[in-house]
Amino acid sequence: MTTTALPPLTKKDFQTDQEVRWCPGCGDYAILAAVQAIFPELGVPRENFVVVSGIGCSSRFPYYMNTYGFHSIHGRAPAVASGIKIAHPELEVWVATGDGDALAIGGNHTIHMLRRNVGIKVLLFNNRIYGLTKGQYSPTSEFHKVTKSTPFGSPDRPFNPVSLAIGAEATFVARAVDVFQAQLKDTLKAAAAHKGSAFIEILQNCNIFNDGAWLGLTEKDARSEHVMQLEHGKPLVFGKNRDKGIRRKSDGDIEVVPLGNGITESDLIVHDAHHPRPSYAFLLSHMEHRPGFPTPIGVFRAWDDLPRYEDVINDQVREVIAKKGPGDLNRLLQAGDTWEVK
Amino acid sequence: MSTLMDVPAGKTKREVIDQAVIRFAGDSGDGMQITGSQFTNTVALYGNDIATFPDYPAEIRAPAGTVPGVSGFQLNFSSEEVHTPGDSIDVLIAMNPAALKVNVGDLKANGIAIINSDSFKEGDLRKAHLTSNPLEDHSLDKFRVFPVELQRLTRSALQHLGLDAKAMDRCKNFFALGMCYWLYNRSMEPTVRWIDDKFKKKPLLAEANKLALKAGYSYCEATEAFQISYEIPPAQLSPGLYRNLSGNQALALGFVTAAKKAGLTLFLGSYPITPASDILHELSQYKDFGVLTFQAEDEIAAITSSIGASYAGSLAITTTSGPGMALKTEALGLAVMTELPLVICNIQRGGPSTGLPTKTEQADLLQALFGRNSEAPIPVLAAATPGDCFWIAVEASRIALKYMVPVIILSDGYLANGAEPWRIPSVDEIPGFPVRFATDPEGFLPYKRDPETLARPWAIPGTPGLEHRIGGLEKQDVTGNINYEPLNHEKMVRIRAAKIDAIVQDVPNVLPSGDPEGDLLLVSWGSTYGSITQAVKAERAKGRKLGHLHLRYLNPLPANLGDVLKRYRKVLVPELNMGQLLWVLRAKYLVDAVGLNKIQGRPFKQNELEQKIEEMLGRQEAR
């Protein structure tokens, strides 16, 4: 008997022959490249990957991944993916979605998938604008933003996607940025290693309708000054010279403190992504809205002790069969009171 | 042994009759549905043919004693074949003035009214908006009225058990049931067994309910109140093993059977909605058959999760009623476009909007046929009787899997909750339809079709070498790649339509019952089957030349339907809507059919149909 070891998968194995139809310069290209780069490293056979999407620019994603793929309808990707995952828990199911798809029309499915802890990885491409419909504001657009549908400024207050996911008690919540390739890949790999629901907000630039939306974080020097990389077990430090940190106040709130003058890293909060309760992660997710605070990226929360939804459902089936034996259809049809007519 | 008073057998007369209609009516908290089901089960076990009509309010507990809170359960049982719960009633059990007020209009002259006289105090009458007491004002003179102190008598039978008054009063429906068993000479055994099982963990309540039941029975014996009792011999049904089955139960069993016959796992994605929720309740119990049930966050997630499960290789179904169907519309289009098998059950209710949640209607036919954006044809099947729901579930699943299409099943509130004796098939007598997934990468293309059925291959995730993408965007023929070319689009629209048309090869030709040609053909679909069958039988007995055609396949329609329609001088289409099948038949076959339309949340009565037949054919024509 001979066994032929299959050659290891490469990035090329995940590329399709379909012409990619995103605008040149779109942040989506970088995300596609990162996903195609990490999929071969996950030790999952290619046929077990399923990429599901809704509607929007980001939702073209499945067509460019040489895996099983389902481009569904607007907002419904988490529900389609849940059906796939419940029916076949062994599949590796990823959802590609956008700020409109996941948080406006599909907001309901997003939060319910997260609260159930279905083992699906969600990549939310957040460009803070509606791209495919050519430039209306989205649920993550800033208050007062002038867009095609809000010539006098948006009256809506935005969602913070990370806060929303943590509020739904998602067991894995992270943030990454399209142009920070290494950090993006690390975050994707951390999500892949998580068994339960994993939610990643990816800050993505739409160079046509909302160019520079994340420039405050991505342009030269901004990253080091305004972005704080979260690392489990490490203190919350940021700044070009790593000279600032986040400290817990006596009232439970947090504050930014300069390091030095007697304040050392040992005074700072040590990041604990594995905490079972979501309140600390929620506090972190809100700091970027406060003056002087950085925008955290990386893994906010990765608590993997909760059973996956699809396992709970399928375990119930296994347990009943173990207890009662496999169902006998004739007996089921004849259940209850019966009578014979001769 | 019973602890009840020992009474000598009464010297009452026993009369053998062939049929009776009984209706239990009370507050929605009075247990009328349970009482009715118990009586039904007992007479069915005895061998009578039955048809039932549970009629309950949408409110869980409307204020006690009021008209909106009245819940009723009607049963027609007979030594002959029955198809309807009956137009008018022989025996009415009324637990309070409101129940009497709502139902007495249907009681036949000289019919029996058993009335709980303990609930006819001034306050009770006021709650029912009655200005005088019907027990005293002679308004019931044309009936045989039996006022019974149900509350006092039940309490006195149970007082030694040490239950509080409320718990004792809750047993009074079984006192009334016991009286009915005496009246129709039926054994209390099946109900005693049911009580023992239901209150397994509460032996005191089991004892109380059994005592109340027996007390009601003994009361009739001891008081000789009725002076007459009835005997309805068993009906001559075709041989076999029978059980009593409701439409929703039948659908659930049908889907479990279909999954087994297809060799697939059954997946149900559903969101609770009246009157469909019982299918979810039923299927969630069948874990030993590997059934996966997913109570989704909304109607849209219910169907889209099912589409996901179908994509992953399950026999996927979703169950709902009209408002939920409206929400599922966009996803139906996705199932059409991705050509995945799926069965969607619409248990119709009165509408539009929230409408009459607990009442029956057949007004979603055009929604099922056309209710989607663009050209999105879907096969539609409709069940005729509660038991037929089983066979429709199997058939809809078979078609969905064979042709790789979504299929809509139309049932309605009347079939869902109504019950009839159902001959239990043996699993082996149901033909199998094993599914074969695509596995061979050689020449695989996601939209390369089977030449006979036009079905595309079902290649499920996890199959090496068949990785492919599907979605809602227009596809290129054969490859399934996104394609916006004008001619390709037209081609694909026509292929999707041709595929549904091709299903006609699985639709049996129809043969009308009654006269094969003649003066009038009645064409029907769905739950009106029973009352129309009964009406046609009665009118043919008067010498009229009538045919009855009942359609179970509404898309595609049977190939010979057009020919059959031409064999009669006139065509009548009775429907519980404004004329939807009528509209289809007139448009498709250019036939000058007329409608009989009732939109009252209730089924047809036999005499409404007979009147229409006589109006169309003229009374003098009868020979």
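1. Two strands count as paired if DSSP finds at least two bridges between them. The model discussed here is predicted. Strand E9 (residues 244-248) of chain A and E10(A) pair in the antiparallel sense, over five bridges. In this pairing A:Arg248 stands opposite A:Ile254 of E10(A).

2. The sheet in chain A is open and has three strands in the order E8-E9-E10, with antiparallel pairing. Its edges are strand E8 (237-238) and strand E10 (254-258) of chain A; each has a single partner strand, so one side of each is left without a neighbour in the sheet.

3. For chain A, the domain assignment gives domain 1 as 11-232 + 273-312 and domain 2 as 235-270. A distance of 29 Å separates the C-alpha centres of domain 1 of chain A and domain 2 of chain A. Nine residues from domain 1 of chain A and six residues from domain 2 of chain A take part in the contact. On the side of domain 1 of chain A that touches domain 2 of chain A, five residues are nonpolar, two polar and two charged.

4. In chain B, the axes of helix H4 (residues 150-158) and helix H6 (residues 172-183) come within 9 Å and cross at roughly 100 degrees. H4(B) is therefore roughly perpendicular to H6(B), the range for that label being 65 to 115 degrees.

5. Which residues of H4(B) meet H6(B)? They are B:Leu150, B:Gln151, B:Leu153 and B:Thr154, and they meet B:Lys172, B:Phe175 and B:Ala176 in H6(B). By class, this contact of H4(B) with H6(B) has four nonpolar, two polar and one charged residues.

Key: Residues numbered from 1 in each chain as written. Chains lettered and ligands numbered in written order. Predicted model: local features only at pLDDT ≥ 70, side-chain atom pairs only at ≥ 80, totals over all residues. Axes fitted to C-alpha atoms, helices over the stretch in contact; angles between N-to-C directions. Helix = DSSP H or I, 4+ residues; strand = E, 2+ residues; numbered from the N terminus. Parallel < 35°, antiparallel > 145°, perpendicular 65-115°, else oblique. Contact = placed C-beta atoms within 7 Å. Nonpolar A, V, L, I, M, F, W, Y, C, P; charged D, E, K, R; others polar. Domains from an automatic or database assignment.
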